[in-house]
Each structure stands twice: as structure tokens, then as C-alpha cells.
Amino acid sequence: MQTKETITLSGVPETMLQTVYARAKESSGRGAIRDRKAEETIGGLQYDFSMADRDKAMHSGVIARTIVLDRLTGAWLQEHPGGTVVNVACGLDTRCYRMEGYGRWYNLDLPETIAVRQRLLPENGAISQIAMSAMDDWGGTMYLTETDVQRIFSVIAGRFQSATVLAETMNPMVVKRFREKSIEGSHAKFTWGVKNGAALAALLPEFRLREEHSLTEGMAEFVPVYKLLGKIPAIRNISNKIIVLERK
């Protein structure tokens, strides 16, 4: 009988267990996404996911985000074959196993997170892992502060002459009012939000806004009513967004 890994984390790093579980559950169930690597990872873990099972809002958000980011990342790689991808605050993200066409893929996160990742997702070849904070000379933005976000983008600009950044953001009103049960169980807190892509770009003088996408686009793939709801400006505006920025 295979021995399962016991993982002990808290705070923001613990949220990666909730998100990989959501992808695995969707992949093996309804199938709005297919993530075999997530299924394998969860199958090898000893962890109480009961709170994640009850948190439908978290599950839907994770799957919608996955759909939108997979589409945008795949499109970027088609435009830039052999390109380099850096997944900042990667957690247990498995996108590197679903994408094709990159030259190098770097998964970057805090040392304690990468230590867990190396146990569960050992990587080599074109995929590498970097154990460091994104603040150290180099999250979803909702776990950061405005100053943190500006510092991360400043570091990216300092390292790359050309870069396209996909960033998930949360509306400030949602940051104040909305709570995800499974995230609160890990004692992580939403701390910062921004209204839209134009507002984010205004904070980042070295980047320009290319496009932005509401997670309603991903929701529409498995909850058909969002094909209509996503056309309502108020609903699109309050939804989390994937904002695409390019270095000037």
C-alpha cells in the first residue's frame, strides 16, 4: 500500500492545497478542465479537504481562473514559440504539464512552498523550481499590498527587457466583503484589490495594459448562465480579473 504524504502548512502557502484539490476534483468529476497531474498529486496526500469540499465559491473561482489562464498562456506560447515562462507564486500549479511550446518554465515560490513542491512534483529538464520570495530581488495580488505589487513588477522590469505578465486581481469591494470558507480556514487574508486593468497599469510606469479578462469568461464554460451574466457590466466588473500587461 502506497504511503501518503502528510503536509502541514498555514497561511497563504496552505491555500495551494485547496486550489490543487479543486482542480483534481473537477478533473475527475464534471470535467470542465482536465488536470491529471493534480489528480495524481491529491491521490498521494494525507490532508483534510472537508472545508474545500464545502466551499463551492472557491472551487468555481479556481476552475474559472484555470480556464482563462490556460487559454491566455497557450495563446502567448503560440505567438512566442520557445519562450520562457516564470510562474510567480506557483504553489502546486500544474500548468507547466498542460502547456506546450515553451523553451524553459520556471516555477517560483517561497522556500517552504518549493520544499513541498519538490516532494510532490519533482521536476527536471525544461522545468525548474526557484525557492525565493517574489520580493527578493526578483501571489495572487489579493494577498499582497499595493507596495508589494509595485515591487514585484519593478523586479520583473529590471530582469527582462521584454515581458508579458498575467496577473489575477480582485475588486477592492470584494476584498473587504467577500470571504472564502476554505481560505479563511488556512488563516490567509485578502488584503488588496484594484478596480481594473487601467487602474493597475497606472501604478506600474514600466508596463502598459494589453487586455483584461473577467473570470466570468471561465465560469461560462461550466455554468452556461454566465454567457449572459458575463455581458452585464456590473457583474464583469465585480468578478476577479486576469490582467495582461506588457513591459514598455
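User: Let's start with the salt bridge of D53. Which residue is the partner, and how far apart are the closest N and O atoms?

Analyst: This is a predicted model, so keep in mind that the distances come from predicted coordinates. The idea is to look for a Lys or Arg side-chain nitrogen within 4 Å of an Asp or Glu carboxyl oxygen. Here D53 pairs with K25, and their closest N and O atoms are 2.9 Å apart.

User: Which parts does that pair tie together?

Analyst: D53 sits in helix α3 (residues 50–54) and K25 in helix α1, so the bridge ties together parts that are 28 residues apart in sequence.

User: And how do I read the accessibility of these two, D53 and K25?

Analyst: Use the cut-offs: under 20% is buried, over 50% is exposed, and partly exposed is in between. D53 has 35% relative accessibility, so it counts as partly exposed. K25 also comes out as partly exposed, at 35%.

User: What about a salt bridge inside one helix, say R36 and E39? How are they placed in α2?

Analyst: Check the spacing along the helix. R36 and E39 are 3 residues apart in α2, which means about one helical turn separates them. Their side chains form a salt bridge at 2.8 Å, N to O. E39 is partly exposed, with 24% relative accessibility.

User: Now E123 and R117: are they buried or exposed?

Analyst: Both E123 and R117 are buried. They form a salt bridge too, with the closest N and O atoms 2.7 Å apart.

User: What does F49 touch, leaving aside its neighbours within four places in sequence?

Analyst: With those neighbours left out, F49 is in contact with L17, Y21 and I42.

User: How do I read the packing of α1 and α4? At what angle do their axes cross?

Analyst: Take the axis distance and the crossing angle together. The axes of α1 and α4 come within 9 Å and cross at roughly 80 degrees. That angle makes α1 roughly perpendicular to α4. On the α1 side, the residues that meet α4 are Q18, T19, A22, R23, K25 and E26, and their counterparts in α4 are M58, H59, V62, I63, R65 and T66.

User: One loop case, then. Where is D48?

Analyst: D48 is in the loop between β2 (45–46) and α3. Its relative accessibility is 58%, so D48 counts as exposed. The side chains of D48 and S50 are joined by a polar contact of 2.8 Å.

User: And which helix holds K176?

Analyst: K176 is in helix α8 (residues 172–177), and it's exposed, with a relative accessible area of 67%. K176 and G193 are 17 residues apart along the chain, with 8.9 Å between their C-alpha atoms.

Methods:
Residues numbered from 1 in each chain as written. Predicted model: local features only at pLDDT ≥ 70, side-chain atom pairs only at ≥ 80, totals over all residues. Heavy atoms only, no water. Contact = heavy atoms within 4.5 Å. Helix = DSSP H or I, 4+ residues; strand = E, 2+ residues; numbered from the N terminus. Buried < 20%, exposed > 50% of the residue type's maximum accessible area, 1.4 Å probe, protein only. Polar contact = N/O pair within 3.5 Å; in protein donor to acceptor, adjacent residues only side chain to side chain. Axes fitted to C-alpha atoms, helices over the stretch in contact; angles between N-to-C directions. Parallel < 35°, antiparallel > 145°, perpendicular 65-115°, else oblique.
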